[in-house]
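Hi,

Here is the structure I promised to pass on.

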Amino acid sequence: MTVTLADVAARARVSPATVSRVLNGNYPVAASTRERVLRAVDELDYVLNGPASSLAAATSDLVGILVNDIADPFFGIMAGAAQSAIGEGASGRAGGEKLAVVCNTGGSPERELTYLTLLQRQRAAAVILTGGSLEDEEHMAAVAAKLTKLADAGTRVVLCGRPPVPGDASVAALTFDNRSGARRLTEHLLSLGHRRIGYAAGPADRTTTRHRLEGHREAMAAAGLADGQETLTVHGAYDRGAGYDATLELLHREPSLTAIVAANDTVALGACAALRDQGLSIPGDVSVAGFDDLPFSVDAVPALTTVRLPLHEAGARAGRLAMATEEAPPGGVTTIPAELMVRDSTAPPRS
């Protein structure tokens, strides 16, 4: 059932005219009243021009690109490529130009939902969500509901590097094969002779973290090394500082470590710094491997063994899907393979 302006007014205990003034911002309203109205809007999930929005497809020139952290190259590369693809073929005001807005959530589930609500109210032409999702049932259900409403209103929804929404084929999903990429990375270390391998993992509540850690542990289990994996795993943020701290903790737990697998390349740089500060060489004393193959990986010293994800290609494809200049994959989901990149940061352990 469509939520009306009168419904919001009743919930906020004000007149419909007051609701209109708050939403249009064209008349001064007391702060407490404004807060009450906006709370009612959120609780009822009211969309501006509510009755019309259920009858007409999205017509806005706005495209929203949600990222965890625009300063992180993982997200910046995908967002930049998506924005470029969104502008392809446009020729100014009369040529179908879209305004691509990057929404930086900072990893906050509340901000993610807020941005989706704002884009829904603006009747965005398309929404692209990048990166892994929070593994919280309540939040995942709330996001799925938002995406369904967006799609039902005519907004094209694309997930890039994010697991698909269960049972919603109207949402196109480009997913990275994080699990098999991580498994191949650990198999590479095992093939060199490493057996005492630590893992500097990302946040425990993220899908990307779980999939990569699962791939690592599958390889360890296949080699008969499943025992002790909890002890040899330290969770932290996807940043350099977390990699540094995790490495010190891993060395404390297992001083005889010969290799460290990092959640991503940025974490791997932190691991390398910690090893050097402990007087250890790479890969002579400890091998280090990352994930993503960010631009700096090949220029690190030594060059970083990692798993390449085609971030630019995925972002560009997400932009084309958002603009409907590329046909959506059958069933709505495409799994993008990961490629092992062997470089100088890994070598056989010293005997």
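With three residues, α5 gives the most to the lining of the largest pocket. Bear in mind that this is a predicted model. Helix α5 covers 73-87, and at least two lining residues also come from each of β1 (62-67), α6 (109-121), β3 (126-130) and α9 (207-222).

As for the pocket itself, its volume is about 510 Å³. It is lined by 31 residues, and those closest to the centre are Asn68, Asp69, Asp72, Phe75 and Tyr238. Sorted by class, the lining has 12 polar, 11 nonpolar and eight charged residues.

The other thing I looked at is a pair of helices, α10 (residues 240-253) and α11 (residues 265-277). How do their axes cross? The angle is roughly 50°, and the axes come within 6 Å of each other. An angle between 35 and 65 degrees is neither roughly parallel nor roughly perpendicular, so α10 and α11 count as oblique to each other. The crossing of α10 past α11 is right-handed.

If you want to find the contact on screen, pick out Arg240, Gly243, Tyr244, Thr247, Leu248 and Leu251 on the α10 side. Facing them from α11 are Thr266, Val267, Leu269, Gly270, Ala271, Ala273, Ala274, Leu275 and Asp277. By class, this contact has nine nonpolar residues, four polar ones and two charged ones.

Cheers

Methods:
Residues are numbered from 1 along each chain as its sequence is written. This is a predicted model: local features need pLDDT of at least 70, side-chain atom pairs count only at pLDDT 80 or more; totals for chains, interfaces and linings use all residues. Side-chain values use heavy atoms; hydrogens and water are left out. Axes are lines fitted to C-alpha atoms, for helices over the stretch in contact, and angles run from 0 to 180 degrees between N-to-C directions. Helices (H or I, at least four residues) and strands (E, at least two) are DSSP runs, numbered from the N terminus. Angles under 35 degrees count as roughly parallel, over 145 as roughly antiparallel, 65 to 115 as roughly perpendicular and the rest as oblique. A crossing is left-handed if the near helix is turned anticlockwise from the far one by less than a right angle, and right-handed if clockwise. Contact means heavy atoms within 4.5 Å. Ala, Val, Leu, Ile, Met, Phe, Trp, Tyr, Cys and Pro count as nonpolar, Asp, Glu, Lys and Arg as charged, and the others, Gly among them, as polar. On a 1 Å grid over the protein atoms alone, a cavity is a set of points where a 1.4 Å probe fits but cannot get out, and a pocket is an open set with protein on both sides within 12 Å along at least five of seven lines; lining residues have an atom within 4 Å of a point. Grid points are joined across faces, edges and corners, and a volume is the space filled by probe spheres set on the points.
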